[in-house]
Amino acid sequence: MNIKPLADRVLIKPAAAEEKTVSGIIIPDTAKEKPLKGEVVAVGNGTKDEEMIVKVGDNVLYGKYAGTEVELDNEKYLIMRQSDVLAII
């Protein structure tokens, strides 16, 4: 993959959605909740007002409606501003 986010943006690969519940019930694709965590794949250089805190390889939490979905090499990613990242885990 050859993509470099600009300014204070980060590229995140969302974690896989849960396939089963604790009781073993299989969840259909239409009922799966969008994951709210993922791994940072690429980061921009930041801006003069905002230094980049997240790094490639960090596992992060983000808001439910944060970011824009993009598809690269048949993989789904999210690109969002660093300020949309809620926490590093």
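Is R81 buried, partly exposed or exposed? At 37% relative accessibility, R81 counts as partly exposed, because that class lies between buried (under 20% relative accessible area) and exposed (over 50%), with a 1.4 Å probe and protein chains only.

## Basis of the model

This is a predicted model, in which local features need pLDDT of at least 70 and side-chain atom pairs count only at pLDDT 80 or more, while totals for chains, interfaces and linings use all residues. Residues are numbered from 1 along each chain as its sequence is written, and side-chain values use heavy atoms, with hydrogens and water left out.

## Overall architecture

The protein chain has zero helices and six strands; from the N terminus on, its elements follow the order β-β-β-β-β-β. Both kinds of element are DSSP runs numbered from the N terminus: helices are H or I with at least four residues, and strands are E with at least two.

Of the 89 residues in the protein chain, 28% are buried. The accessible surface of the chain amounts to about 6300 Å², and carbon and sulfur atoms hold 52% of that surface; such areas come from the Shrake-Rupley method with a 1.4 Å probe, and for residues only the protein chains shown count as cover. Among contacts (heavy atoms within 4.5 Å) in the protein chain with a separation of 6 or more, 63% are between residues 24 or more positions apart.

## The salt bridge of R81 and D8

The count of salt bridges comes to two, a salt bridge being a side-chain nitrogen of Lys or Arg within 4 Å of a carboxyl oxygen of Asp or Glu. One of them joins R81 to D8, with the closest N and O atoms 2.9 Å apart. This pair links distant parts of the chain: R81 belongs to strand β5 (residues 75–81), D8 lies in the segment before β1 (9–14), and 73 residues separate them.

D8 is buried, because its relative accessible area is 5%. The side chains of D8 and R81 also make a polar contact at 2.9 Å. A polar contact is a pair of N or O atoms within 3.5 Å; within protein, one must be able to donate a hydrogen and the other to accept it, and residues adjacent in sequence count only if both atoms are side-chain atoms. Leaving aside residues up to four places away in sequence, D8 touches G46, T47, E50, M52, M80, R81 and Q82.

## The salt bridge of E75 and K13

E75 forms a salt bridge with K13, and their closest N and O atoms are 3.2 Å apart. Here too distant parts of the chain are linked, with E75 in strand β5 and K13 in strand β1, 62 residues apart. E75 counts as partly exposed at 32% relative accessibility; K13 is partly exposed with a relative accessible area of 34%.

## A nonpolar patch and a loop residue

On the surface, L61, L86 and I89 form a nonpolar patch with about 300 Å² of accessible area together. Patches are made of residues with over 30% relative accessible area and no salt bridge, like charges being joined within 9 Å and nonpolar side chains (Val, Leu, Ile, Met, Phe, Trp, Tyr) within 5 Å. L86 is located in strand β6 (residues 85–88), and its 63% relative accessibility makes L86 exposed.

K64 is found in the loop between β3 (59–62) and β4 (68–72). With 44% relative accessibility, K64 counts as partly exposed. The C-alpha atoms of K64 and L36 are separated by 6.1 Å, although the two residues are 28 residues apart along the chain.
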